[in-house]
Amino acid sequence: MEKGKQSFIAEARRDQIIEAAIKTLDEIGYVKSSLSQIAKRAGISTALISYHFSNKEDLMNHLLTKLLEESTSYIMDHVLAANSAQEKLNAFIKASLSYQNTHPAHNTALIEIVFNARTPENIPYYKLVDDEEEDPILAELKLILYEGQKGGEFTSFHVDVMANVIQGAINEYMFTNPVLTKKVDLSTYINEVVHIISSAVKK
C-alpha cells in the first residue's frame, strides 16, 4: 500500500476514534468512559485504539486539543466576518454561546475532560495555568476591547477585568448552570448578555 494512502487511512481511523470518544463522553461522562466503551461505539477493537493512542489519557489529550481548536475556529470565523469593534464583540459573545447549541456533544465532551481529567501530578485540568501562552480566545477578546478603546468606540475600562467579566458570563452558561439554563433559554441569554456588555463598554 502506498505511504500516502496508509497515512490517509490512519488519519481517518483516528478521526473515527475521536468522534466515538466524543459520543462516549456525551453519553456516559469521563469517569465511566474507557477504551472499551469508546471502541464499542466506534465499532472497532480496543487493540486498534491502542495502536493509535497509548492510553485513555493520551486519547483525551488529543481530543481536548481538537475540541479547543474547533471551538476557537468557530468563534474566530464569526469575529473576522464583523467590521467594527462593537460588531466584533457582539459576534464574539454570540458565537461563544451559540457553539454550545450547534455542537452540544462537543461542548459536553470538552466540559467532561476539563473538569475530570488530571495530569500525572494529579492536578485537575481546569486548575492548570500556562504562564507562557495566553488562551487565544481570551487574547482575541482583549484585542477587540483594546481596539474599541483605541478607535474611540469604547469607553475607558480595565481591559483584563472586562474580558474576564465577559468570559465569566459565557462560561456560566457554557458549563451548564442548571438553575440558570432551566429559567433562561440560550437565545434570551445571548441577547441579554450582548445588551448588558454593549451598554457597559460603549462610549
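Thr181 belongs to helix 9, residues 178-183. From Thr181 to Gly152 you go 29 residues along the chain, and their C-alpha atoms are separated by 35 Å.

Before I go on, a word on the model. What you see is a predicted model, where local features need pLDDT of at least 70 and side-chain atom pairs count only at pLDDT 80 or more, while totals for chains, interfaces and linings use all residues. Residues are numbered from 1 along each chain as its sequence is written, and side-chain values use heavy atoms, with hydrogens and water left out.

Now the overall picture. How many helices and strands are there in the chain? There are 10 helices and 0 strands, and here both are DSSP runs numbered from the N terminus, with helices being H or I of at least four residues and strands being E of at least two. Taken along the principal axes, the C-alpha atoms fill a box of roughly 60 × 45 × 35 Å. The chain has 203 residues, and buried ones make up 40% of them. Take the contacts with a separation of 6 or more: 63% of those join residues 24 or more positions apart. Contact, by the way, means heavy atoms within 4.5 Å.

Next, how the helices pack. Two packed helices are described by the angle between their axes and the distance between the axes. The axes are lines fitted to C-alpha atoms, for helices over the stretch in contact, and the angles run from 0 to 180 degrees between N-to-C directions.

Look at helix 5, residues 85-102, and helix 8, residues 159-174: they pack at about 20 degrees with axes 9 Å apart. That makes helix 5 roughly parallel to helix 8; the label covers angles under 35 degrees, with over 145 being roughly antiparallel, 65 to 115 roughly perpendicular, and the rest oblique. Their crossing is right-handed. Right-handed is when the near helix is turned clockwise from the far one by less than a right angle, and left-handed is anticlockwise. On the helix 5 side, the contact is made by Leu89, Phe92, Ile93, Ser96, Leu97 and Gln100, and helix 8 brings Ile166, Gln167, Ile170, Tyr173 and Met174. Those residues split into 8 nonpolar, 3 polar and no charged. The nonpolar group is Ala, Val, Leu, Ile, Met, Phe, Trp, Tyr, Cys and Pro, the charged group is Asp, Glu, Lys and Arg, and the others, Gly among them, are polar.

Compare that with helix 4 and helix 6, residues 104-116, whose axes come within 10 Å and cross at roughly 130 degrees. Helix 4 and helix 6 are therefore oblique to each other, and their crossing is left-handed. Here Met60, Leu63, Leu64, Leu67, Leu68 and Glu70 of helix 4 meet His106, Ala109, Leu110, Ile113 and Val114 of helix 6. The tally for this contact is 9 nonpolar, 1 polar and 1 charged.

Let's go inside. In soluble globular proteins, nonpolar side chains tend to be buried together. A nonpolar core here is a set of buried Ala, Val, Leu, Ile, Met, Phe, Trp, Tyr and Cys residues joined through side-chain atoms within 4.5 Å. Which residues touch the most other members in the largest nonpolar core? Out of its 32 residues, they are Leu89, Phe92, Ile93, Leu97, Leu145 and Ile166. Helix 4 (56-80), helix 5, helix 7 (136-150), helix 8 and helix 10 (186-201) are the elements that give this core two or more residues. Setting aside neighbours within four places in sequence, Ile166 is in contact with Leu89, Ile93, Leu141, Leu145 and Ile197. There's also a second, separate core of 26 residues, including Ile22, Leu25, Ala39 and Leu110.

Beyond its neighbours within four places in sequence, Lys142 is in contact with Glu134, Val159, Asp160 and Ala163. For contrast, Asn61 in helix 4 is partly exposed at 32% relative accessible area. Okay, that's me done!

Key:
Buried < 20%, exposed > 50% of the residue type's maximum accessible area, 1.4 Å probe, protein only.
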